[in-house]
Amino acid sequence: MVNQEAKTPRERYRTQVRTEIKERAWEQIATAGASALSLNAIAKQLGMSGPALYRYYAGRDELITELVRDAYRSLADTLRAAASRPGADASTLASALRTWALEDPQRYFLIFGTPVPGYHAPDDITAIASEVMAAILDAFAELPSSSGTATAFDAHLEEHRDWADGHPAPAATLHRALTFWTRLHGALSLELAGHFTGMGFDPALFYAAELHELTGPEGDDGM
């Protein structure tokens with residue numbers, strides 16, 4: 001983190017304005033979604049001209065990148081902190097993920113929802129996202145190995161594991177971690193989008209049941 005006291009007044013002002021721009025951007029996203037993000041509208045809210053705002057962000061994509069980077073960094077830090085707790089396991093990370101998502105659904109949907117049309121994230125975003133998956137893989141590497149029969153997908157992962165960024169876990173563990181990641185995100189996405197509303201069950205209990213199936217002894221069946 002940059003030492004604020006080491007910055008010049010001009011640099012501190014620039015940092016403050018960029019922060020205010022991001023705050024207004026999150027407000028827009030919460031109201032109309034990331035695809036409707038408008039720098040001119042943000043400039044108007046802040047009482048500056050459009051060209052003046054472009055001195056702080058070169059365009060919409062640069063601003064979205066900052067928001068995506070902040071979101072991924074927040075999630076990676078959250079999972080790292082959860083993983084550092086005594087006795088932490090995959091369930092600990094799952095709980096931290098759900099809490100993080102519920103605290104700010106728009107932040108969650110920006111990185112895990114529908115892609116913003118025309119936007120392509122830079123490579124450093126992928127690196128931060130890899131930190132998130134690394135925490136999941138580490139947690140599953142600590143679980144007992146599956147006693148089930150290897151699947152065709154396990155064999156496929158032996159040759160398609162670049163996404164694991166060099167993690168030494170065996171293919172069956174990678175498979176379990178991927179299943180954990182996708183099923184919990186499925187439950188979270190449906191809950192946050194309101195699709196469970198009116199169905200009469202507790203989403204938290206459903207999430208816990210999914211987690212138990214994924215990490216409990218019976219979770220080895222079929223893996």
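These are my notebook entries on a predicted model of one protein chain.

**Entry 1. Overall layout**

I began with the secondary structure, which comes to 10 helices and zero strands. Reading along the sequence, I noted the pattern α-α-α-α-α-α-α-α-α-α. I then took the extent of the C-alpha trace, which is about 65 × 45 × 35 Å along the principal axes. The chain has 223 residues, and 38% of them count as buried. For the contacts with a separation of 6 or more, I looked up how many join residues 24 or more positions apart, and the share is 68%.

**Entry 2. Helices α5 and α6**

How do α5 and α6 pack, and at what angle? Helix α5 covers residues 90-103, and its axis lies 5 Å from that of α6 at an angle of about 110 degrees. Angles of 65 to 115 degrees count as roughly perpendicular, so α5 is roughly perpendicular to α6. I listed the residues that meet here: α5 brings Trp100, Ala101, Leu102 and Glu103, while α6 brings Pro105, Arg107, Tyr108 and Ile111.

**Entry 3. Aromatic rings**

I counted the aromatic pairs and got eight. One of them is Tyr72 with Phe112, an edge-to-face pair with 6.1 Å centre to centre and 80 degrees between the planes.

Phe112, with a relative accessible area of 24%, is partly exposed.

Which residues form one cluster with Tyr72 and Phe112? I found Tyr108, Phe109 and Trp181 in that aromatic cluster.

**Entry 4. His185**

I went on to His185 in helix α9, residues 171-192. With a relative accessible area of 9%, His185 is buried. Setting aside neighbours within four places in sequence, I found His185 in contact with Leu97, Tyr108 and Phe112. Two of these names, Tyr108 and Phe112, were already in my notes as members of the aromatic cluster.

**Entry 5. Arginines over rings**

I looked for charged ends over aromatic rings and wrote down two cases. Arg18 lies over the face of Tyr57, 4.1 Å from the ring centre. The charged end of Arg98 sits over the ring of Tyr207, and here the distance to the centre is 5.7 Å.

Back in helix α4, I took up Asp61. Asp61 is partly exposed, at 32% relative accessibility. The side chains of Asp61 and Arg60 are joined by a polar contact of 2.9 Å. Not counting residues up to four places away in sequence, Asp61 touches Gly118 and Tyr119. I also took the C-alpha to C-alpha distance from Asp61 to Ala34, which is 11 Å for 27 residues of sequence separation.

Thr65 is found in helix α4 too. Is Thr65 buried or exposed? Its relative accessible area is 9%, so Thr65 is buried. Beyond four places in sequence, the contacts of Thr65 are Tyr119, Pro122 and Ile125.

**Entry 6. Phe140 in α7**

I placed Phe140 in helix α7, residues 123-141. The relative accessibility of Phe140 is 2%, so this residue counts as buried. What does Phe140 contact, leaving aside neighbours within four places in sequence? My list reads Ala90, Thr173, Arg176, Ala177, Phe180, Leu214 and Thr215. I also looked up His175, which is 35 residues from Phe140 along the chain, with the C-alpha atoms separated by 9.9 Å.

**Entry 7. Asp165**

I ended with a backbone check. Most residues other than glycine have a negative phi. Asp165, however, has a positive phi, near 55 degrees. I located Asp165 in the loop between α8 (152-159) and α9. Asp165 is exposed, with a relative accessible area of 60%.

Conventions. Residues numbered from 1 in each chain as written. Predicted model: local features only at pLDDT ≥ 70, side-chain atom pairs only at ≥ 80, totals over all residues. Heavy atoms only, no water. Phe/Tyr/Trp six-rings, centres within 6.5 Å; stacked < 30°, edge-to-face > 60°. Buried < 20%, exposed > 50% of the residue type's maximum accessible area, 1.4 Å probe, protein only. Lys NZ or Arg CZ within 6 Å of the ring centre and 35° of its normal. Helix = DSSP H or I, 4+ residues; strand = E, 2+ residues; numbered from the N terminus. Contact = heavy atoms within 4.5 Å. Polar contact = N/O pair within 3.5 Å; in protein donor to acceptor, adjacent residues only side chain to side chain. Axes fitted to C-alpha atoms, helices over the stretch in contact; angles between N-to-C directions. Parallel < 35°, antiparallel > 145°, perpendicular 65-115°, else oblique.
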